[in-house]
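I'm opening my notebook on a structure that is new to me. I'll jot down what I look up as I go.

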Amino acid sequence: MPIRFDSSYARLPDRFHARLPPTPVAAPSLVRVNGPLAVQLGIDPDWLAGPEGVAMIAGNVLPAGAEPIALAYAGHQFGQFVPKLGDGRAILLGEVVGRDGLRRDIQLKGSGPTPFSRRGDGRAALGPVLREYLVSEAMAALGIPTTRALAAVTTGEQVFRETAMPGAVIARVAASHVRVGTFQYFAARGDVEAVRILADHVIARHHPQAADAELPYRALLDAVIAAQASLVARWMLVGFVHGVMNTDNMTVSGETIDYGPCAFMESFDPGAVFSSIDHAGRYAWGNQPRIALWNLTRLAEALLPLLAEDEDAAVKLAEAALSGFGPAFEAAWLDGLCRKIGIADHGAGDSALAQDLLQRMAENAADFTLTFRHLAEAASGNDAPARALFQDPAAFDAWAEAWRARLAQQGRDAAATRGALLAANPLYIPRNHLVEEAIAAAVARDDLGPFETLVEVLARPFDEQPGAGRHALPARPEERVLQTFCGT
Ligand code: AMP
Ligand code: MG
């Protein structure tokens, strides 16, 4: 089954990438193929799940027309600039234009060493591969821009982390893999020509409207800022903590990338941090907008030479663009938050009403996902499921009274309000203990059953599914997962 590659990034100058194929593995075995995504890309899912497809995902057979490359990029990691990172364990096979006309990257992650590997082995362990598969697909089903999981295989080889683990490869699909750190890579070298080539590539590929603007590179910066402001608001509206918002893990397309130590919070806590290496809480839930702006400021710096000839003028343009982040984030956050409490056209006072609920949730360790979800019952007069989530249920009662008065002013009937609440608030998220349980079964017992069940439940996060009761519930105290690991 031929895949029709058309790889625009491979046509960029040599200093943008290293050309090399994936490194073959001993004994590939299929974990899962994402059928609907394969179809979108014009790839036959049955072929992909068969021996030829599995050999391709494993990196054992290079498909015809592929132009495999590892991408160069830099990045600020926890605030420290590293001038050369790059794909140390990933190979971009190429780009395909899907049935929907959209161009997407197909990348293998865990596919062997590259010139960017530094001391790493170029491989991925099964646990983090399953985690990325589960969480990225859950995000897609929640309607949040993200890279996708096309397929995963085990390699039949071991990788050595703290202990020996089964090795795996994930085939990741993305609008592109261009990061803030890709711009930084060239800017740090003073290679303004490359910054311009990259900017033109990104405009053509992700933000074509910028090409017609009076100042195309300013418009590009505005577009990335807008996309990231909206993205981070959407993360926060589902309780998602990315965990490692380094500039090399921030795309310019506005898709979520890099599912390392990410997690969905359960009890609401604005300071929630899960990553074992994030000691200072730099990437805590409530810090994400601030960090996104910090990262975007690094992008603006990299773009300065393109913004204007005169440096002061360039800085002024960059500052003006960056000043758009706060209002764009606030608007997306407030819109989303009001939708979550069933208010369609929010006005004065609604922000305070929504913030008051969050405050009470934080004070009462209420489950973020279920509190909002159970507002659907509360809207029809059944407060029991929501109030039971609060340590002091009376804290919910006081809020609910004001909330119902506000809903009444909307003049929507109860069924419409209920429908809107169910559509805005998922029932199923990838709760950490369920993700860990699925990984543990696969790694320890070779049992993919819990992983497969979880993938299927999370594919329809807004629909209550028979038999999936426990997938909706917070961890019991003994099941709680307080830390997540990069697992690289
Ligand atoms: P991450 O923490 O996944 O964002 O990765 C940061 C950098 O480390 C990137 O340049 C990765 O390609 C590289 N890296 C992570 N794990 C490995 C590995 N096992 N082998 C080689 N490079 C790696
Ligand atoms: Mg990364």
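How do the residues of the shell around ligand 1 divide into nonpolar, polar and charged? I get 2 nonpolar, 8 polar and 8 charged. For those classes, Ala, Val, Leu, Ile, Met, Phe, Trp, Tyr, Cys and Pro count as nonpolar, Asp, Glu, Lys and Arg as charged, and the others, Gly among them, as polar.

A note on the ground rules: this is a predicted model, where local features need pLDDT of at least 70, side-chain atom pairs count only at pLDDT 80 or more, and totals for chains, interfaces and linings use all residues. Residues are numbered from 1 along each chain as its sequence is written, and side-chain values use heavy atoms, with hydrogens and water left out.

Next I looked up who surrounds ligand 1. I find 18 residues (a heavy atom within 4 Å), and the closest are Gly86, Gly88, Arg118, Gly122 and Asp258. Domain 1 (9-177) and domain 2 (181-332) each give at least three residues to this shell; the bounds come from an automatic or database domain assignment.

Then I checked polar atoms. A polar backbone atom of Gly88 sits 2.7 Å from an oxygen atom of ligand 1. An N or O atom in the side chain of Asp258 is 2.8 Å from an oxygen atom of the ligand, and for Asp121 I note 3.0 Å between a polar side-chain atom and a nitrogen atom of ligand 1.

Last, I turned to two helices. In α17, Leu434, Val435, Ala438 and Ala441 meet Pro450, Phe451 and Leu454 of α18 (heavy atoms within 4.5 Å). The residues of this contact are 7 nonpolar, no polar and no charged.

Definitions and conventions: Chains are lettered from A and ligands numbered from 1 in the order in which they are written. A polar contact is a pair of N or O atoms within 3.5 Å; within protein, one must be able to donate a hydrogen and the other to accept it, and residues adjacent in sequence count only if both atoms are side-chain atoms. Helices (H or I, at least four residues) and strands (E, at least two) are DSSP runs, numbered from the N terminus.
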